[in-house]
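Work through the exercises below with the sequence and the 3D view side by side, and try each task before reading its solution.

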Amino acid sequence: MTQNYIDILFWLVALPAGWFIGKLIKVTVFPMLHRMARSTENDLDDAIIDAAARVVVPLFWIIGVWVAYHNSELFSDYNSQIRKGVEIFSILVATWSSALLISDLAKIYIFRMGKSMPNTSIFINLIKIIVYSVGVVFVMHVLGIPIAPALTALGVSGLAVALALQDTLSNLFAGLQMLASKKIKPGDYVKLDSGDEGVVRDIAWRNTTITALGNHLIIVPNSTMAGSIVKNYILPDSQNSVLIPVGVSYDSDLKLVEEIAVEVGTKIQESVEGAVRDHIPFVRFNEFADSSINFNIILRSSDFTSQYKMKHEFVKALHERFNDEGIDIPYPIRTVHLKKE
């Protein structure tokens, strides 16, 4: 009878003691390890310490269970069940921590790869699915479930699931196809044939998220995105030609107009953030309109959104110079001749 009380006390002490030790290590040791990792240039140690910090409490709780299990006869009739339960819990914790660690390492690797490999959640989710699938196989092994018949059953049931989830799977494979083609990736500024445009933020397993200039989200299914006509303003490079239409009166000296426009455009290229510094602006006259001679001044921006600031500054500066030089930007004029009876 006394031995039973000792066994009960051992379990009551070992379980919370394992949890307490793990918690104590997490709040005392790991902050110091985090500070040491942040002082290095390598990101791998940060990812490993983060993964270890997540698993330290359940790990020491498992150790507490094992200590109680091996030093107590309280549940001797259920040794096999306890052993299986501890093994399954250990596998689940190891799978969970491995999935987090591998996904963090993948993010670091993708970030280092830069443009050659887009950082999207679809890749991270696939990595986690693979790791969790391996963990399920190990759990099945511990439970004594034959893997081959289970895989056969999963194959048959998978066919039924695939038929039921055709839209979801089409979006998944459309997202993978877009990433594999490297025509669209996060960070690209795109415009769809529907008229929606913005910066691609993420390509997930079901949809693509685009942030419009108004800072609102556009959610597009991957299958729709893959089947649309998409204008990518980043490819083949991020630089964009900025065409600004201008009209001057027929009495203007066009040579002087061209010189002033190029001079103002050059100052904009040199002073506005986002402008291509070595680009030399040029003018192309293109139309004898009803009340003006129209032309385009062609500037160049380093990215798509910088053109708005360049246009803003150019229009202000050119208007001021034209006023100083006496060059008229005419209002629309239409001459009407009335026929007498």
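**Exercise 1.** Find which residues the ring pairs link into a cluster, and describe the pair of Tyr-233 and Phe-304.

*Solution.* Ring pairs, meaning rings of Phe, Tyr and Trp (its six-membered ring) whose centres lie within 6.5 Å, link Tyr-189, Tyr-233, Phe-304 and Tyr-308 into a cluster. This is a predicted model, in which local features need pLDDT of at least 70 and side-chain atom pairs count only at pLDDT 80 or more, while totals for chains, interfaces and linings use all residues. Residues are numbered from 1 along each chain as its sequence is written, and side-chain values use heavy atoms, with hydrogens and water left out.

Next, take the pair itself: planes under 30 degrees apart count as stacked, over 60 as edge-to-face and the rest as tilted. The centres of Tyr-233 and Phe-304 are 4.2 Å apart and their planes stand at 45°, so this pair is tilted. Tyr-233 lies in the loop between β5 and β6 (240-248), whereas Phe-304 lies in the loop between β8 (293-301) and α9 (306-325), 71 residues apart; helices (H or I, at least four residues) and strands (E, at least two) are DSSP runs, numbered from the N terminus. Finally, both Tyr-233 and Phe-304 are buried, where buried means under 20% relative accessible area, exposed over 50% and partly exposed in between (1.4 Å probe, protein chains only).

**Exercise 2.** Decide whether the pair of Tyr-250 and Phe-288 is stacked or tilted, and state how accessible each residue is.

*Solution.* With 6.2 Å from centre to centre and 20° between the planes, Tyr-250 and Phe-288 form a stacked pair. Tyr-250 sits in the loop between β6 and α8 (254-271) and Phe-288 in strand β7 (residues 282-288), 38 residues apart. Tyr-250 is partly exposed, at a relative accessible area of 41%, while Phe-288 counts as exposed at 68%.

**Exercise 3.** Determine where the buried residues of α9 lie around the helix, and what covers them.

*Solution.* Begin with the list of buried residues in α9, which includes Met-310, Phe-314, Leu-318 and Phe-322. Seen down the axis of α9, its buried residues fall within an arc of 100°, so they line one face of the helix; the arc is that of the directions from the helix axis to the C-beta atoms. An α-helix has 3.6 residues a turn, so residues three or four places apart point the same way. What covers the buried residues of α9 includes β6, α8 and β8, through contact, meaning heavy atoms within 4.5 Å. After α9 comes Gly-326, whose phi is positive, near 75°.
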